[in-house]
Amino acid sequence: MLSPVIAIILVILSTTVLVLRHKRLRTLPPGPPGWPIIGNLFDIHQESPWIAYSNWSKTYGDIVLLRVLGTPMLIVSSADIALELMDKRSVIYSSRPTFIMDEMTGWGFNLALIPYGQRWRNLRRKVHEHFHQIVTSRYRNKQTKHVHAFLCQCLNSPERQFNYKLVHQLLATTIMDIVYGIEIKDMDDDYIKNVVESLEVFGEIKQPGKYWVNYMPFLRYIPQWVPGNTSAKYAAHSRPVVEEMVNRPFNAVQDGEQTSNDCVAVSMLAKIELQPDIEKRKEEETYAKHATGILYAETTFSLLQAFFCGMAMSPDIQQRAQQELESVVGPERLPTYDDQDRLPYVQAIFMECLRWMTTAPLGGSHSVTQDDYYNGYFIPSGTIIIPNAWHMLHNPEEYPEPDKFNPDRFIKDGMINPAIRDPTTIAFGFGRRICPGRHFAKDTAFLVIASILHTFDVKPSIDENGHELDPTPQLRGSAVSFPSPLNYRLISRSEAAEKLVRATEL
Ligand code: HEM
């Protein structure tokens, strides 16, 4: 028989072993120490947060854990770990953190913000049907028409400083034409003003740590009149703006007000009309509205600005690309999509723009829906995963001298070097949430880059005394970031180039 003393010692020992094992199994990833309750709330930077996160990765490693008001946030700084978690383990790493300000301002409809589940799947399918690689090639005629109109506007643009709003206009007119068949004249158009205002709301609510109601949702029940309740006031003012962006153009198409029937909304509506069940038809209509309401992506604007700045800074790189265009396309015509595969240097410029001025420096936040372990560390269910895409794309081991604009890093023997990691595998996100607009964005960027380089020289802007301004940009912003300042101008390359552009007006 076991003596009572030995039995007590055995119980104590086995409990200690269990507690220690449990503790070991629950070892959380390292990170900066936080305060009680608020955790690392005040460590979250609103301006250029990727820099602070990148510095932490030097202290704590490739995965860094923060806590904000009880919510764990994992900053991932290695592309391989991001792929391991969000791609290979996508079954549990594909949700999104939900923030109450999304719903309060009307942005909650957006595919990019919806948690993983049936509603996300239905919407994603709708977007995919109209933007997968094969379908997007059908939009190339319209894209070409709008890029040519953009070239004409560039010819008429002032010589000293380029009017960057023309780039906004190009993207807005193209997407409104392809999605709604609606013709936009300029940026003063009411549809566009509304989209711009709605995107400002998006930028505002996505500033990390700005609205406490996001972390303490019960705060939403505090009445609007209570002094300091900025979130409720902001939401009440913004919601009608965002709702108008979703409803107005779609309703216009339903009322037959579009100028072209060859568009995404018309083809969605044609399919919906075949649905005999009225309830299901209504549901489908809502999905269609929500799927079309998100497609004006500012990210492409940011990418193109990186291109213009990079060119203004590097006349030698520009010349190399222009020589490639001269030999492949020749002086008699403008570039087309058929030239794409024979223009590796233009392709390398696109890749370098995406890498150098990382458009979405913190990618898209994912959220994990089950407890998990990585490399011995415990990752609790509900953890928000933040891929530091900027850090990954500025890793000097993969991209030496990462701050330098250098498309040649992707070229070997006149071809794209497959040994260098393609930035598109990081910049467009990961796993099931990877950007569904990436083929469309690549198509737009290719034709703009090739057409501009074929017909214009991009140079630094000049001040009133004729001195060149420094075109070197800094990356600014948070969820979506933009190079600034935009000190460049476009000069027609030759009379022949000007003629090519003018000929598209006919
Ligand atoms: C240079 C251009 C672009 C870049 C760099 C970019 C980047 C991204 C990134 C990083 C994500 C988050 C992915 C993730 O969570 O892992 C994303 C999602 C998304 N993008 Fe893009 N994007 C671009 C252009 C576009 C365009 C042109 C469209 C629309 C036509 C678009 C539509 C979307 C949508 C709907 C989502 C949400 C997907 C989901 O949550 O399931 N993007 N994009």
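Predicted model: local features only at pLDDT ≥ 70, side-chain atom pairs only at ≥ 80, totals over all residues.
The chain holds 19 helices and 12 strands. Its C-alpha trace spans about 105 × 60 × 45 Å along the principal axes. Residues 24 or more positions apart account for 75% of them.

The ligand is surrounded by 27 residues. The closest are Ala297, Gly364, Gly429, Cys435 and Gly437. By residue class, the shell divides into 17 nonpolar, 8 polar and 2 charged residues. Three helices each supply at least two residues of this shell: helix 5 (118-131), helix 13 (298-313) and helix 18 (438-455).

Helix 18 has 18 residues. From first C-alpha to last it reaches 26 Å, close to the 26 Å expected at 1.5 Å a residue. This helix is mostly covered, with 15 of its 18 residues buried.

Helix 9 covers residues 190-205, 16 residues in total. Its span is 23 Å between the first and last C-alpha, close to the expected 22 Å. Val195, Ser198, Val201 and Ile205 are the buried residues of helix 9. They lie on the same side of the helix, because they cover an arc of only 115° around the axis. The spacing follows a general rule. An α-helix has 3.6 residues a turn, so residues three or four places apart point the same way. Lys193 and Glu200 are exposed on the other side of helix 9. The buried residues pack against three partners: helix 4 (100-104), helix 8 (165-180) and helix 10 (230-254).

Val213 sits in the loop between helix 9 and helix 10. Val213 counts as buried because it has 20 C-beta neighbours inside 10 Å. Excluding neighbours within four places in sequence, its contacts are Ile100, Met101, Leu219, Arg220 and Ser231. Val213 and Ser231 are 18 residues apart along the chain, and their C-alpha atoms are separated by 7.2 Å.

Two further positions were examined. Tyr374 belongs to strand 4 (residues 372-374). It has 15 other C-beta atoms within 10 Å and is therefore partly exposed. Beyond residues up to four places away in sequence, Tyr374 touches Ile63, Leu85 and Ile379. Tyr374 and Ile81 are 293 residues apart in sequence, yet 9.0 Å apart in space, C-alpha to C-alpha.

Gly382 lies in the loop between strand 5 (377-379) and strand 6 (384-387). With 15 other C-beta atoms within 10 Å, Gly382 is partly exposed. Its contacts, leaving aside neighbours within four places in sequence, are Thr71 and Ser367. Gly382 and Thr369 are 13 residues apart in sequence, with a C-alpha to C-alpha distance of 5.7 Å.

Key. Residues numbered from 1 in each chain as written. Helix = DSSP H or I, 4+ residues; strand = E, 2+ residues; numbered from the N terminus. Expected span 1.5 Å × (residues − 1). Buried ≥ 20, exposed ≤ 12 C-beta atoms within 10 Å, placed from the backbone. Arc of directions from axis to C-beta. Contact = placed C-beta atoms within 7 Å. Near = placed C-beta within 6 Å. Nonpolar A, V, L, I, M, F, W, Y, C, P; charged D, E, K, R; others polar.
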